[in-house]
Amino acid sequence: MPVNAELAGRSYPPSPPYLVGREKVREFARAVLATSPLNLDPDAARAAGYADVVAPPTFAVVVQEHTLAQLLDDPDSGIDFSRVVHGDQRFSFTRPIVAGDELTATLTVTSVKSLGGHSMVTAETAVLDADGGHVVSAISTLVVRGGE
Amino acid sequence: MSAREGLAVGDVVAERSFHLTRDTLVRYAGASGDFNPIHYRDDIAVSVGLDGVLAHGMLTMGLAVQPVVDWLGGDSGKVLDYQVRFTRPVYVDAEAGADVTVVAKVGVLETLQDGRATARIDLTAAFGGETVLGKAQVRVALA
């Protein structure tokens, strides 16, 4: 089944609130080989003006992931997950994610293109804090390889 | 910081080499929630046409920005925008692991309308002599 060309412009309901835990941030920071005390030590983060440890830039993918699952699980999308390759990724920040944030994420499909038998699906996930303020937008292009 | 004064396009601001092992991949899988078995099972990786277990693209993206964060005095909050294209797999051998080198260079210096000084830092991430990320750009606040 080909990717549904009508997908462009479609939005999914906001993800359930994600509470950013201090230990999760530290675990993620160690996993991406971060060494900054601001990612690992609450006292160092507070001394730099943050409420708690600061998440590394790519931590936003953990929150974005829930919204990509909505897209991939949508039977109407026509996206065969076994044929999906991550093409590119972007994070555009208003402010960094900090432990204690309660985040919700809403995905919108911004474009669907065909290129040499493959489909390129670009989706933008807006991540907001509990006050509705913008934190980061996470933008992914998924390459769906064409059938034989 | 004074280190950023006199900064010029083309300056290398940071370099770091990362040694990845299968252990690194398992830790990233757990921390990120990405449990795709191509990142820990050779048989499954080979069955979908890969040479073997490869690093998560998001792990490569995540570590490639770290030298820049360190250059920013450890303040990852100064990263305003970060993008990459995934161009080649990083295969992580079960015994030898894999070495990824990252070089961060000033691509553009710019002052925003609100007066904030920013830089676009261009990253070159390489494995086995070939680049693994394309258009890897980090926009950072300099003040």
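## A buried aspartate and its partner

A:Asp129 counts as buried, at 15% relative accessibility. The structure described here is a predicted model. A:Asp129 forms a salt bridge with A:Arg95, and the closest N and O atoms of the two are 3.2 Å apart. A:Asp129 sits in the loop between strands S4 (118-128) and S5 (134-144) of chain A, and A:Arg95 in the loop between S2 and strand S3 (102-115), so the pair ties together parts that are 34 residues apart in sequence. A:Arg95 is partly exposed, with a relative accessible area of 25%.

## Other salt bridges

Over all chains, the structure holds 18 salt bridges. Side chains of opposite charge can pair when their charged atoms come close. In chain A, a network of salt bridges links A:Arg10, A:Asp74 and A:Asp76.

In chain B, the side chains of B:Arg27 and B:Asp23 meet in a salt bridge at 2.8 Å, N to O. These two residues are four apart in helix H1 of chain B and are therefore separated by about one helical turn. B:Arg27 is exposed, with a relative accessible area of 54%, whereas B:Asp23 is partly exposed at 43%. A further salt bridge joins the side chains of B:Asp114 and B:Arg116 at 3.4 Å, N to O. B:Asp114 counts as exposed at 54% relative accessibility, while B:Arg116 is partly exposed at 40%.

## The contact between the chains

Chain A gives 28 residues to the contact and chain B gives 30 residues. The area buried between the two chains is about 2400 Å², and carbon and sulfur atoms give 56% of that area. There are 13 residue pairs in polar contact between chain A and chain B, both residues being at pLDDT 80 or more. On the side of chain A that touches chain B, two or more residues come from each of helix H1 (22-31), helix H2 (37-40), helix H4 (60-73) and strand S2 (84-93). S2(A) provides the largest share, eight residues. By type, the residues on this side of chain A comprise 16 nonpolar, eight polar and four charged.

S2(A) pairs with strand S2 (residues 79-86) of chain B in the antiparallel sense, over five bridges. The bridge partner of A:Arg90 in S2(B) is B:Gln83. The side chain of A:Arg90 also meets that of B:Asp81 in a salt bridge (3.0 Å, N to O), and the count of salt bridges between the chains is one.

## Two features of chain B

Helix H3 (residues 57-64) of chain B is mostly covered, with seven of its eight residues buried. Among them are B:Met58, B:Leu59 and B:Met61.

B:Phe35 lies in the loop between helix H1 (22-32) and helix H2 (42-47) of chain B. Leaving aside neighbours within four places in sequence, B:Phe35 is in contact with B:Ala29, B:Gly30 and B:Tyr40.

Conventions: Residues are numbered from 1 along each chain as its sequence is written. Chains are lettered from A and ligands numbered from 1 in the order in which they are written. This is a predicted model: local features need pLDDT of at least 70, side-chain atom pairs count only at pLDDT 80 or more; totals for chains, interfaces and linings use all residues. Side-chain values use heavy atoms; hydrogens and water are left out. Contact means heavy atoms within 4.5 Å. Buried area is the accessible area (1.4 Å probe) that two parts lose on being put together, summed over both. A salt bridge is a side-chain nitrogen of Lys or Arg within 4 Å of a carboxyl oxygen of Asp or Glu. A polar contact is a pair of N or O atoms within 3.5 Å; within protein, one must be able to donate a hydrogen and the other to accept it, and residues adjacent in sequence count only if both atoms are side-chain atoms. Ala, Val, Leu, Ile, Met, Phe, Trp, Tyr, Cys and Pro count as nonpolar, Asp, Glu, Lys and Arg as charged, and the others, Gly among them, as polar. Two strands pair if DSSP finds at least two bridges between them. Buried means under 20% relative accessible area, exposed over 50%, partly exposed in between (1.4 Å probe, protein chains only).
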